[in-house]
Each structure stands twice: as structure tokens, then as C-alpha cells.
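Open the model in your viewer and keep the selection panel at hand.

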Amino acid sequence: MPGPGQSNIDDENTSDEDSCTDDIPEPTEPGHDSSVDEDFSNEEEDITTDEDSIDMDDGFINEIETLYFQGQASQCIGNFNLALSLYNQALALIMTLDETNEEIGHFQYDILIGISDIYKQQNQITLANDFIEKAQEVAYALDDEEKIYESYDRQGDVKVCEGNLNEAIDCYRKSYEARLQSEVCDEPDIAVSYCNMGSAYSYFGKYEDAIANYHKALDIQLSVYGNKHSDVAVTYNSMGNVYRNFAKYEDALSMYNKSIEAGSTIYDDNHPEVALTYCNMGNVYHRQNKYDDALAMYEKSLQMRIAHHDDLEVAKMYNIIAKVHEQQGNYDEALVMYKKSLQFGLSVFGDNHPSVASMFTQVGMVYEGQGKYDEALSMYEKSLNINLSAFGENHPLVAASYSNIGNVFGQQGKYDDALSSYQKSLNIRLSTLNDSDPSIATTYNKIGMLYNDQGKYADALAMCDKAKAILSPDDNHPELAVTYSNLGLIYHNQKKYNESVAMYEKLLQIKLSVLTDNHPSIAKTYNNLGAVLNDHGKYDKARSMYEKSLQIQSSIHGENHPDIATTYNNIASLYSEQAKHDEAISVFEKVLQIRLTTSGKNHPSVASTYNNIAISYYQQGKYDDAYSVFRKAVDIYVQIHGENHPNLAKLYDELASCCDKQNRHEDAVAMRQKSKSILSNLQQSDIINQ
């Protein structure tokens, strides 16, 4: 018979998978790896601007121009192999010249920038930086001030991808200084430098620095343009994104409304910037789990994209809307939206593009959430095959595909297959990334959690320790926070409560150093500390942690939010541990009302709550009430998963225990037979699919 309702440990893991993005990759996502002929890629000839000294005809220039524009077109549709080939042919022609004139120099700069962009998108950061530096040399030889400061901006972008904030800011500052000294630069160009620095700081979670730089940009823009200008609208939008990521949701919405107002006399009703702002507002509501408000904003954005005939953006919006339905447990509606996204994506990219791979991954996630693991694997394997075709074996997105497949095997209990997939992911990352890259730590963490699920706690600790060794304790990287969270969970499972508390306290220190005191992520850590202290029998301290969590969550979300339901659930479990069953049931009822309000009546979290209430009734000896509530949980799981799911097998066992207590022994036998039948069917399915 089941024990008391379990405390919910909040999942603080972050994923590096493409499946977890809010968006579909742009058409210029990474493409097939290609090399550049060393004879012309590694050195540049001096550029002269004395055109009379160059003996070349218009046909030669036209050939270079044609190759450049063909390469640019191929890059835009994601055919990176062809784009690199065309760019290289153009560079080869330029290298045959003893001297190049100014017109050829400009083509040379743009070609080098195009190659750098492709390598950046392919995550070949060293090559991307090399070609930016070559482009910068050309810009200085041309004495083109605009290209000089643009090249520093591009370098900054590459440094951001490299994960180096300080070097990125240094590049953006050089761009800023070049703009200040430029005769062609005006004040709005200076604002661009501030925006770039704001974007970099935001990317690395330095939200106060980000806002400070955006304010400097905004002050310039308002002084030059007034409050009705597209640049002003874009900056307000960017500031809204920072506040959103900092969980200052009211400030974020205020910025987005200012953005819409700033563009009201400039943009038409269906302008892409207005659509983007509504989408961002929807994201704020989405993060607050205000699903109806989120869907209303997303629907506005979608209709604007449709009116603008932008199939790529339409695909993105269907993808985002699908995520809302998925989080609400509306899996059928989510699948409809994802399939619409896929339909538009195929019309834009064809059937063998990384963006389409990402869409297959999203569909796979829905199936995975439904417990339809065979269908999920089919989608993930389609994604893997596309990524292998696009990038070859050694690429981060291929590693991500293997990791997603490993996740499913892990949930199926196929631990050897899961470990094999994770190992493939790890090998790719070790061969393609710097040894200290956080993605490698992520994979070690996943393997560690796989061992944890098998009860192999020593192996789990070894993997998470490897992850920790990669990450600097001074950087407060998000993956370090994940590692401390995982270590806390492993020690918790080992009943090493003091060590578990120590890990969660380190996690809390990281979060308090980079987030506001009332950030929802901090509330999660208080929750997890409470769960450990609860199991340690320190009920007063546990209750204190839960109340801290609840205080933060209520200040952000009000009274109806899934996170608040989780905290109440943990408080109810605490009462169960103390055999205070009436108090436990009372709080579980609060949990139920919140989850019915936020997730609807057919959601796994609602079924889980009915299960916890039924357990409390059972422990009170109220077997009729327990049976009735267990049946409600069963009905939901059948509605969601069909008749064959591990959770159903467990619930039928629980019903059998109730029947025994009610002296309904024949019914008890029938319930246990249903449980055995489900487990047998699942086992046979596993054998068939091996």
C-alpha cells in the first residue's frame, strides 16, 4: 500500500537541447560543415584604392559580384555548404589579382563577413573569429569607418557565442570608440553600441548592467527622435526582455506597451515589430502561467504574421502556442499546433533543414510528455537524421539529438540504451568543444541523473563531480547551479541530509548573488531545502522553508499558480509525515483547486493530487473515500495515456489495497490483474522494440 503523499522536489535542471528553445531556428541556422581552401583563406593581399593602376574588365568584377550574391542567397535559405563554396570561389578570383581596387575590397569584406557568419552558426567559433579578423584588416585597408566599427560589433557577437562576456564588451567598447572618432557616425550610431553592450550583459544575466546601457541608448534616441520612432520602439522592447528575464513582469509589460506606443504612428497594424512585441507580452503571461492571457497575445501576433504572409514567423507562432497547450496538459491541441508549425516550416525550408529537425523534436516532446515513448523516439530519430545530414556526426545539435533520445530511454527504464546515447552526446561535445565548455558539464549531469535513477549513487556523484570540476566556482554559471541541485538530490536520496542541505545552500548562494530576492527560482530552492528537512524529521525548519517559498511565489503570482500548488503540496506532505491527516487533506484540497484552475481537469498534476488525497484517506482508515478518489485519478490517467501506462498499474494496486480493506476480495484480485496486465503489455512492447 502506498505511503504518505510525497514532497515535490522542483526540477532545477536546465537543458541545452534544441528541443527546449521557445523558437524555431532562423533560416540561417548552422549548416553542413565545409572547409576553406588554405591557399587563399589564410592570407590577404594589400588593398589599394588607385583604380587606374588595376587592369581588369567589367566581366571579372561581374563574375565576383555574381558569386557573392549567389552565396548570399544560398546562405539565406540555409544551404551553407553551397554558400561557402560560392564565397570561396569569389575569394579565389580576388586572390589572383596583384592589386585590388576599392570596389573589389568591399566585396572581399562582405564575403569574409558571410563566411564568418556561417562558421558562427555552425558553432565553429575559432574559424568565425579568424574570418572576422580578416574582414577587419580589409576594413582598415579600405579606411572604411563604418565597416571598421561594424567588424568590432561582429567580433563582440562571436565572443558572446564563445561565452566570453569581458572580451565581448571589450569589442563593443572598441566599436563605440571607433564610432566616436568617426566622421560619418552620428548620435543614433552611438546608441547602437550601448544596445549591443546591453544585449551582451542581458545574455549573461547581468540585468542591471544591461538596463543601464539600454537607458543610455534610449536617452540618445529620445533626444534625437522624440518618443515616436522605430529605434525607440525597439529599445523599449529590448528593455522589456531584460525585465522579463529578471522576473520583473510588470516592468516588462510597461516597456512593451511603451514600445507599441512608440511605433504607433510609424508601423502599420500588422508590422513585424508590433507582432514581435505582442509575442513578447505573451511570453510574460506565459511565464506567469496566465495561459489565457498568453494565448490572447500570441493569437494577436499570429494573425499579424499571417496577414504579413511571413511563413517562417507563422511557423514560430504555432510552435509557441503549442507550448502553452502542452504545459496545460492539452496534448492533442499541442500536437495540432506543432503539426501546423511543421507544415509551414516544411514550406519554408524543405524536409532536410535544421529548423525542421527542431520541429520534429518539439512533436517528440509532446509524445514524451504523454508517455508515448515509441512515437517520441520516432520524432527524435527524424530530427537526428536531419541533423546528421546537415552537419555530419560531430556537431552540437547532433549531440543534442542523442541527448533527447537518451532522455526517452531513461524514462523507459532502458538505462543501457540511455547511457549509450548520452555517451555519444558526450563524445561529440568532447571532440568539438573546449574542455571547459558548460555543455560537457550538462552531459555529465545527465549521466549522473541516469545513475541516480538507478540507485547507483556513487556513480551519480562521480559524474556530477566531473561536471562541477569543469565549472569555475567564481563564475556562478547556471550549469553550476544545476550541478549543486543534482548533488543535493543525490545526497537526499542517500539520506545524507546534512550534505544535501549543504549543496542546496550553495545553490541558494549562487541564485541570491545573481537574482532578485523574490525570484521564482529562489523559491524553488527554498522548496527543495524544505523537502530535505522534512525527510530529516526537522518539521519546523521544513515548514519555515516552505513558507519562505510561498511568500515569494504569492508576491509574484497571486494565489493561483502551479508553483504555489507545489509548495502547498509539500506542506500537506509535511502534515502527512506527522500523521496530521485532516490538516493534510485540507491543504491537498487547496492544491487541487489551484491545479484545476490552472491546468484543467484532465492533467497529470490533478491526477497526482487526487492520489495524494486518497492516500491520506487510506491512512485514516476511510477506505470508501480513498477508493472513490483513487478512481478519479485512474479516470484522468486513462483519458491522458490510454489503458497502458506505469502510473495506472500503480493506481490499480492502490485500488486493490482499498478493496482488501473493504473485504471486496474479488474486486481486489481484479484490480491486481489489471495492474499485472499493464506491466506485462509494457514489458512485451519493450521486447518488441529492442
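Begin with H3 and H4, which are roughly antiparallel to each other, because their angle falls in the range over 145 degrees that counts as such. Keep in mind throughout that the model is predicted.

**Stop 1: H3 and H4**

Select residues 80-95 for helix H3 and residues 102-121 for helix H4; the two pack at an angle of about 150°, with their axes 10 Å apart. Look along the pair and the crossing of H3 and H4 is left-handed.

Now show side chains. On H3, the contact is made by Phe80, Ala83, Leu84, Tyr87, Asn88, Ala90, Leu91 and Ile94. Facing them from H4 are Ile104, Gln108, Ile111, Leu112, Gly114, Ile115, Ile118, Tyr119 and Gln121. Colour these residues by class: 13 are nonpolar, 4 are polar and none is charged.

**Stop 2: the cavity**

How many cavities of 30 Å³ or more does the structure hold? There is 1. The space in the largest cavity is about 30 Å³.

To find the place, select Ala233, Ser259, Ile260, Gly263, Tyr267, Glu273, Val274 and Thr277, the residues that line the largest cavity. Two elements give two or more residues to this lining: helix H11 (249-262) and helix H12 (272-287). Which of the elements gives the most to the lining? H12 does, with 3 residues. Coloured by class, the lining of the largest cavity shows 4 nonpolar, 3 polar and 1 charged residues.

**Stop 3: H22 and H23**

Move on to residues 478-493, helix H22, and residues 497-514, helix H23. Their axes are 7 Å apart, and the packing angle is about 160°. H22 is therefore roughly antiparallel to H23. The crossing in which H22 passes H23 is left-handed.

Which residues of H22 and H23 make the contact? From H22, select Leu480, Ala481, Tyr484, Ser485, Leu487, Gly488, Leu489, Tyr491 and His492.

Terms used: Residues are numbered from 1 along each chain as its sequence is written. This is a predicted model: local features need pLDDT of at least 70, side-chain atom pairs count only at pLDDT 80 or more; totals for chains, interfaces and linings use all residues. Side-chain values use heavy atoms; hydrogens and water are left out. Axes are lines fitted to C-alpha atoms, for helices over the stretch in contact, and angles run from 0 to 180 degrees between N-to-C directions. Helices (H or I, at least four residues) and strands (E, at least two) are DSSP runs, numbered from the N terminus. Angles under 35 degrees count as roughly parallel, over 145 as roughly antiparallel, 65 to 115 as roughly perpendicular and the rest as oblique. A crossing is left-handed if the near helix is turned anticlockwise from the far one by less than a right angle, and right-handed if clockwise. Contact means heavy atoms within 4.5 Å. Ala, Val, Leu, Ile, Met, Phe, Trp, Tyr, Cys and Pro count as nonpolar, Asp, Glu, Lys and Arg as charged, and the others, Gly among them, as polar. On a 1 Å grid over the protein atoms alone, a cavity is a set of points where a 1.4 Å probe fits but cannot get out, and a pocket is an open set with protein on both sides within 12 Å along at least five of seven lines; lining residues have an atom within 4 Å of a point. Grid points are joined across faces, edges and corners, and a volume is the space filled by probe spheres set on the points.
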